[in-house]
Amino acid sequence: MERLLNAVTILSLALMAAVLFSVRRSHIRVEYSVSWLAAAAILLLLSRSRPLLNWISDQLGLTYPPLALFLLVSCIFVVVIYRLSVVISDLKDANIAMAQRLAIVEFQLQDRNER
Amino acid sequence: MKPSRGADNLLILIPAFNEAGAIGNVVHEVRQVVPNAPVLVVDDASKDATCDRATEAGAEVLRLPYHLGLGGCVQAGYKLAYELGYDYVIRVDGDGQHDPRYIPDLLKVLRSTGCHMVIGSRFYQNNGEHTSAVRAIGIWVFRLVLRPILGQPVRDPTSGFVGVNREALQVFSKSFPLEYPEIEALVVLQRKRFRFQEVPCRMRPRQAGRSTITAVKSLYYIIHVLLGVFVNILKFEGRQRNQ
């Protein structure tokens with residue numbers, strides 16, 4: 001149990017460091033780093049607070065606290081991935097609209113030049 | 001656009017992706033049938049000489065900067081047609097499967113009935129000899145699902161040989177399905193209480209190239225389209241992203 005929680009602590013710290021590094025190098029925009037940093041912070045909190053983890057597993061009716069940890073980790077990442085899917089969908093729509101607009105403007109410019 | 005618009009203010013829209021083998025002939029055939037209508041080929045970033053062949057045949061070409069897929073390609077043409085003020089747009093596929101001789105029939109129904117969309121139907125008078133077994137099963141499923149949604153039967157919901165009037169053009173220039181758009185487009189129109197009508201026509205085997213819908217993709221196609229239909233029914237229109 002203790003080893004597992006230590007591993008989760010290291011994982012969450014590594015995730016935080018990776019996200020901050022990526023933000024610094026402009027690989028991730030600040031607004032999209034927030035979800036990952038929040039996920040890493042929740043993981044860190046849960047892995048370092050045994051009473052909180054025990055309380056959550058009691059509330060969920062789980063006799064084995066690491067199960068609660070993995071359930072919460074799964075939920076957090078589902079939320080983050082869902083949010084990213086929304087962002088990707090928005091970007092795709094915007095990208096298609098922009099490509100269509102670019103093609104139409106080019107067409108109209110060429111048409112005007114040929115007249 | 002260089003050619004005159006003619007009395008009908010009609011644009012022929014041909015979406016094309018890697019159709020260099022067929023597009024020239026398709027444009028020639030269309031221009032013979034409707035010589036006064038401008039022909040717009042929307043080139044979906046083809047890697048072959050589609051654009052050159054279309055231009056040589058006398059079409060105007062709208063070149064997309066990268067491959068958008070059929071829905072994005074057709075919608076780009078609809079957007080341009082709407083901005084240029086066309087009253088009617090008839091879409092003909094670039095692979096030669098749609099016989100341009102039926103264009104006047106589609107236009108006549110579009111003009112005389114006041115319906116918003118006409119569909120060239122290969123099943124209207126049992127003349128559907130060029131349909132694979134897998135596609136026929138898919139069409140049968142779609143007919144069953146669409147009947148209660150549309151409130152009227154549709155015999156050939158997968159046909160891309162369609163004509164639209166300006167009102168439908170306005171709707172489609174703002175909201176048009178991206179993948180496999182034909183069936184979902186019917187639902188988009190139904191939500192606006194628009195009317196459609198089918199016109200009998202014959203389909204031909206494609207003149208060159210390969211269909212984008214292979215037998216392997218058919219199951220994915222059916223599931224994707226059914227999901228798209230239900231999503232379109234439930235769609236919240238307050239937030240329109242695809243403008």
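You're looking at a predicted model, where local features need pLDDT of at least 70, side-chain atom pairs count only at pLDDT 80 or more, and totals for chains, interfaces and linings use all residues. Residues are numbered from 1 along each chain as its sequence is written, and chains are lettered from A and ligands numbered from 1 in the order in which they are written.

- Take I12(B): if you skip its neighbours within four places in sequence, I12(B) is in contact with V30(B), V34(B), A37(B), V39(B), L40(B), I90(B) and V92(B). Here "in contact" says that the C-beta atoms of two residues, placed from the backbone, lie within 7 Å.

**Chain B overall**

- Chain B has 8 helices and 7 strands. Helices (H or I, at least four residues) and strands (E, at least two) are DSSP runs, numbered from the N terminus.
- Chain B has 243 residues, and 42% of them count as buried.
- Look at contacts in chain B between residues at least 6 apart in sequence: 77% of those join residues at least 24 apart.

**Two helices in chain A**

- Two packed helices are described by the angle between their axes and the distance between the axes.
- Helix α2(A) (residues 30–48) and α4(A) have axes that come within 10 Å and cross at roughly 175°. These axes are lines fitted to C-alpha atoms, for helices over the stretch in contact, and angles run from 0 to 180 degrees between N-to-C directions.
- That makes α2(A) roughly antiparallel to α4(A). For the labels, angles under 35 degrees count as roughly parallel, over 145 as roughly antiparallel, 65 to 115 as roughly perpendicular and the rest as oblique.
- On the α2(A) side, the contact uses Y32(A), S35(A), W36(A), A39(A), I42(A), L43(A) and L46(A). From α4(A) come L69(A), L72(A), V73(A), I76(A), F77(A), V80(A), R83(A) and V87(A).
- Sort the residues of this contact and you get 13 nonpolar, 1 polar and 1 charged. Ala, Val, Leu, Ile, Met, Phe, Trp, Tyr, Cys and Pro count as nonpolar, Asp, Glu, Lys and Arg as charged, and the others, Gly among them, as polar.

**Where the chains meet**

- Across the interface, 16 residues of chain B are in contact with 11 residues of chain A.
- On chain B's side, β3 (60–63) and α3 each supply at least two residues, and the largest share, 6 residues, comes from α3(B).
- That side of chain B splits into 8 nonpolar, 4 polar and 4 charged residues.
- Helix α4(A) (residues 65–114) packs against α3(B) (residues 70–83) at an angle of about 50°, with axes 10 Å apart. That makes α4(A) oblique to α3(B).
- The residues in this contact include I96(A) and F107(A) from α4(A), and G72(B) and E83(B) from α3(B).

**Residues to look up in chain B**

- D43(B) sits in strand β2 (residues 39–43), and D43(B) counts as buried because it has 26 C-beta neighbours inside 10 Å.
- D43(B) and C73(B) are 30 residues apart in sequence, yet 7.5 Å apart in space, C-alpha to C-alpha.
- A45(B) lies in the loop between β2 and α2 (50–56), and its phi is near 55°, a positive value in a residue other than glycine. With 17 C-beta neighbours inside 10 Å, A45(B) counts as partly exposed.
- R193(B), in the loop between α7 and β7 (196–200), has a positive phi of about 60° although it is not a glycine. R193(B) has 8 C-beta neighbours inside 10 Å, so it counts as exposed.

Methods:
A residue is buried if 20 or more other C-beta atoms lie within 10 Å of its own, exposed if 12 or fewer, and partly exposed in between; C-beta atoms are placed from the backbone.
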